[in-house]
Amino acid sequence: MKEFFSPELIKKTASQKSLRDYSYINIGGKPKYLFTPETIEQLQNIIAAANKTSLDILPIGGCSNLLFGNNINKAIISDVNLPQIFDIKDDTVMVSCNITIKKFIEKTKQAGLSSLYFLSGIPAHLGGTVHMNAGAFDRTISEFLVWIEVVDKNGNIKKVNAEEIDFSYRKISISDFIVRICFKLEKKSEKEIEDEIKEVLKIRHERHPYDFPSLGSTFKNPPGEFAGLLICDCGLAGKMIGGAQISSKHSNFILNVDNATFNDYYDLIDLARSEVKNKFDIDLELENKIIDDLEEQK
């Protein structure tokens with residue numbers, strides 16, 4: 001680490017924790033480079049230093065869709081210790097990247113603003129949800145976005161308006177570290193908002209497994225199809241490899257039921273992809289993000 005980053009930066013921001021401590025499904029080892037900056041200036045310095053040595057950065061927040069592998073040569077930067085910002089003015093809300101979906105929905109509800117209710121129940125930070133253009137129930141987070149503020153590869157802060165960003169299914173055209181986000185929301189009564197949230201949570205609990213940790217939908221739905229149904233029709237519901245299992249309730253979810261490893265989880269991904277390809281000639285595209293240098297090179 002010392003060859004890339006200054007001793008002072010390492011002393012103030014480097015973490016010795018395992019990625020298992022950050023993973024939503026308790027999978028991950030000890031990485032080479034893990035940082036938990038407490039200020040935006042420290043974040044800028046980490047990113048600029050990484051860029052000078054051509055070391056990719058990986059922003060992490062709630063880690064609710066990240067699967068950490070065994071080979072990660074990136075500067076992993078957690079947003080957990082960065083300052084939290086939550087500023088509401090009329091129907092516009094400006095927040096820091098590390099605000100959780102749950103906190104955002106609760107505080108905007110109290111202000112009479114309806115917003116990301118369709119993401120209720122997702123344990124993510126807002127920075128990550130914008131990065132993947134999170135969505136559900138035919139709505140996406142991009143519908144409410146006004147602008148984002150990012151730290152670019154040179155460590156500079158810049159503002160990017162929503163109309164400058166290309167949004168597509170579960171991804172956007174910006175890869176820089178998002179630090180602040182501005183949303184424009186809809187005014188509604190608190191009762192209307194509570195009803196929206198309750199309905200979404202009711203549907204999620206009816207359809208999705210919550211008895212063991214998962215990373216949500218493993219695959220994107222192919223056009224005109226549902227990934228979960230395709231996997232189920234291949235007879236893979238309930239299939240286990242090691243401590244990981246394809247959910248019997250919703251086959252697009254892979255669960256950590258008994259101390260699963262990265263290989264257990266990834267082998268089920270490979271199995272589902274190959275079985276669906278063989279039976280339906282459909283290529284499943286991952287919605288989970290695999291963080292592993294060797295797998296990313298495939």
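**Exercise 1. Charges over rings**

In this predicted model, over which ring does the charged end of lysine 107 sit, and at what distance from its centre?

Solution. The ring belongs to phenylalanine 86, and the charged end of lysine 107 sits over it at 4.7 Å from the centre. The criterion requires NZ of Lys to be within 6 Å of the ring centre. A further case is lysine 159, which lies over the face of tryptophan 147, 4.5 Å from the ring centre.

**Exercise 2. The sheet**

Determine the order of the three strands in the open sheet and the sense of their pairing.

Solution. Strands in a sheet are joined through backbone hydrogen bonds, in either a parallel or an antiparallel manner. Here the order is E1-E4-E2, and the pairing is parallel. Strand E1 (33-35) and strand E2 (57-60) are the edge strands, each pairing on one side only. On average, neighbouring strands of this sheet are turned by 20° against each other, direction ignored.

Next, consider one pair in detail. E1 is joined to strand E4 (residues 75-78) in the parallel sense by three bridges. Within E4, alanine 75 is the bridge partner of tyrosine 33.

**Exercise 3. Aromatic rings**

State how many aromatic pairs there are, and identify the members of the cluster that includes Tyr33.

Solution. With ring centres required to lie within 6.5 Å, the count is nine aromatic pairs. Tyr33 forms one aromatic cluster with Phe4, Phe5 and Phe35. Tyrosine 33 is also the residue whose bridge partner in E4 is alanine 75.

Terms used. Residues numbered from 1 in each chain as written. Predicted model: local features only at pLDDT ≥ 70, side-chain atom pairs only at ≥ 80, totals over all residues. Heavy atoms only, no water. Pairing = 2+ DSSP bridges. Helix = DSSP H or I, 4+ residues; strand = E, 2+ residues; numbered from the N terminus. Axes fitted to C-alpha atoms, helices over the stretch in contact; angles between N-to-C directions. Phe/Tyr/Trp six-rings, centres within 6.5 Å; stacked < 30°, edge-to-face > 60°. Lys NZ or Arg CZ within 6 Å of the ring centre and 35° of its normal.
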